[in-house]
Amino acid sequence: MLAGCAKHEQPVQARLTKVTMNVNPSMTYAPIMIAKDEGFFAEEGIDAEFVSLDSNSAVAAAAAGKLDVLSAGVRSGIFNMMLKGVPLQIVADKGHGAPGDCLSEAFIAPVETAKRIASRNGSLRGERLALTRGGSLEFLTMRLLEKQQLTIKDVVIVQMPQGTAASSRDKVDAIRFTSEPNLSSALAEGWAAVVARPQDVEPGHQTAVVLFGKRLLRDDPELGRRYMRAYLRGVQRYNEGKTDRNIATIARHTKLPPDIIRRSCWVAVNNDGRIDPAGVQPFLDWALANHYLDGKVPLDLWWNPAFIDAAATKK
C-alpha cells in the first residue's frame with residue numbers, strides 16, 4: 001500500500017519546477033516560509049528551494065544567476081548592479097515602515113545612555129552610533145541626525161558589518177538600529193530602551209524588497225507570475241496576524257520560541273505586494289548625493305509591477 005502511494009506521488013513531484021530563493025532563519029522571511037508550508041508554491045507547480053546566505057553572498061548569487069529570487073534590504077549596491085545592466089528588478093514589497101505603536105525596528109541604546117539622551121531633549125550630540133555603510137541603515141541614521149540639525153561630526157561612529165544583530169547587553173555599547181525579534185527581546189530584558197523610531201525619522205521608508213533575476217524576468221516570466229501568485233498568498237496569510245498556524249510555521253523555520261514570535265512586532269508588508277516608490281526615492285536621492293550610486297536610477301529600471309498586476313487579474 002505504501003509502495004503504491006509513493007509510486008503515485010513521484011510523477012506529481014517531478015512536475016514541480018525548482019525555483020531558488022534566499023531564506024534565512026529570520027522572521028523577515030515569514031511570508032515566504034508560510035507560502036511554502038501552506039503549499040501555495042506547490043499549487044503553482046513550484047518546488048521552492050530555500051538557500052541560506054548572508055546578505056552580500058545572496059546579492060552576488062542573484063547577480064550571477066545562481067538565485068532566481070532575491071530577498072534583500074534596500075542597498076545601494078543592488079541599484080548599481082541594475083545600472084550596470086544586471087537583469088535584476090524589484091517586484092514586490094517585503095517590509096516597510098508603518099505608523100502606529102508596533103515597532104518592528106527602532107534605534108535603541110543601553111538604558112543609561114537612553115536616560116542621558118532624554119535628559120538632553122533627545123539630542124544625540126557626542127553619543128556613539130553604530131553604523132553599516134551604504135544601505136538604508138546609514139540613510140535612516142543620517143536622517144535622524146539631520147532632524148536634530150547634527151552632522152556625522154557631532155557623534156562618534158562605530159562601524160558595524162552587514163547583518164550584525166543586537167541580541168545581548170554585551171553586543172550593544174552604542175545607539176544602534178535593531179529589528180525584531182531582537183528589538184522586543186532587548187526591551188523585555190530591560191537593558192535597552194528606544195531612543196528614536198524610524199517612522200518619525202522617515203515615514204513610509206522601504207526596508208526590504210523581493211527581486212527577480214534573469215530567469216523569472218526574461219527567460220520564463222510565466223514562472224515569475226506563478227511565483228508571485230504564491231508569494232502574495234503567503235503575504236495575505238501572514239497578514240492574518242499571530243494565528244497559531246502562522247506562529248507554528250515561523251517557529252519551525254526560525255527555531256525561535258513561539259512566545260518570542262508572538263510578542264514581536266511583525267514587519268508591515270502590503271497585502272497586494274506593491275511598493276510605494278516614494279518610500280524608495282529618498283534613499284536613492286541620498287545615495288546619489290553621497291556617491292554610493294554610479295548615477296540616477298530611473299523608476300522603470302528598478303521597479304517592475306507587471307508580476308503583481310498579473311497576479312491581481314488571475315482569479
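**View 1. F283, a buried residue in an aromatic pair.** At 2% relative accessibility, F283 counts as buried (under 20% relative accessible area; exposed is over 50%, partly exposed in between, with a 1.4 Å probe and protein chains only). W286 is also buried, at 8%. This is a predicted model, in which local features need pLDDT of at least 70 and side-chain atom pairs count only at pLDDT 80 or more, while totals for chains, interfaces and linings use all residues. Residues are numbered from 1 along each chain as its sequence is written, and side-chain values use heavy atoms, without hydrogens and water.

**View 2. The pair within helix 14.** F283 and W286 lie three residues apart in helix 14 (residues 281–289), about one turn of the helix. Helices (H or I, at least four residues) and strands (E, at least two) are DSSP runs, numbered from the N terminus. F79, F139, F283, W286, Y292 and W302 form one aromatic cluster.

**View 3. F41 and Y227.** The structure holds 12 aromatic pairs. Rings of Phe, Tyr and Trp (its six-membered ring) pair if their centres lie within 6.5 Å; planes under 30 degrees apart are stacked, over 60 edge-to-face, and the rest tilted. The F41 and Y227 planes meet at 35° with centres 5.1 Å apart, so this pair is tilted. F41 is in helix 3 (residues 40–43) and Y227 in helix 11 (residues 221–238), 186 residues apart.

**View 4. A charge over a ring.** The charged end of K94 sits over the ring of Y29, 4.2 Å from its centre. This requires NZ of Lys or CZ of Arg within 6 Å of the ring centre and within 35 degrees of the ring normal.
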